[in-house]
Amino acid sequence: MSEPTPTFRTALEALEAIVRELEETDIDLDRALQLFEDGVRHLKIARELLQQSELTVKRVLEESDGTLKATDLSV
């Protein structure tokens, strides 16, 4: 059975939990390194999902003549 596909929200929530644990607790080096690795994995997932969303927005904004209406998106 495979893991469910992560969402941008779940990736960010996981990152926030990792940061809280790193900041609020006295943890040993092994645990800190594991949290760091997990954080990098969640960051990569979030970045990929954000890029996919940006591509979707660009496709939706594409004009009927095939030109792309470039619009800056404030996050």
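Which side chain meets that of Arg41 in a salt bridge? In this predicted model, the side chain of Asp38 meets that of Arg41 at 3.8 Å, N to O, where a salt bridge is taken as a side-chain nitrogen of Lys or Arg within 4 Å of a carboxyl oxygen of Asp or Glu. Because Arg41 and Asp38 are 3 residues apart in helix α2, about one helical turn separates them. Residues are numbered from 1 along each chain as its sequence is written. Since the model is predicted, local features need pLDDT of at least 70 and side-chain atom pairs count only at pLDDT 80 or more, whereas totals for chains, interfaces and linings use all residues, and side-chain values use heavy atoms, with hydrogens and water left out.

The protein contains 2 helices and 0 strands, these being DSSP runs numbered from the N terminus (H or I of at least four residues for helices, E of at least two for strands). Helix α2 comprises 33 residues and spans 48 Å from its first C-alpha to its last, close to the 48 Å expected at 1.5 Å a residue, the expected span being 1.5 Å times one less than the number of residues.

Of the 75 residues of the protein, 15% count as buried, a class defined by under 20% relative accessible area, with exposed meaning over 50% and partly exposed lying in between (1.4 Å probe, protein chains only). In α2 the buried residues are Leu35, Asp38, Gly39, His42, Ile45, Ala46 and Leu49, and the buried residues of this helix pack against α1 (8–24), contact meaning heavy atoms within 4.5 Å.

The salt bridges number 2, and one of them joins the side chains of Arg31 and Glu21 at 3.0 Å, N to O. Because Arg31 lies in helix α2 and Glu21 in helix α1, this pair ties together parts that are 10 residues apart in sequence. Arg31 is partly exposed, with a relative accessible area of 34%, and Glu21 is partly exposed at 24%.

On the surface, Phe8, Leu12 and Leu50 form a nonpolar patch with about 220 Å² of accessible area together. Patches are made of residues with over 30% relative accessible area and no salt bridge, like charges being joined within 9 Å and nonpolar side chains (Val, Leu, Ile, Met, Phe, Trp, Tyr) within 5 Å. Leu50, placed in helix α2 (residues 29–61), is partly exposed at 35% relative accessibility.

Technical notes
Accessible areas come from the Shrake-Rupley method with a 1.4 Å probe; for residues, only the protein chains shown count as cover.
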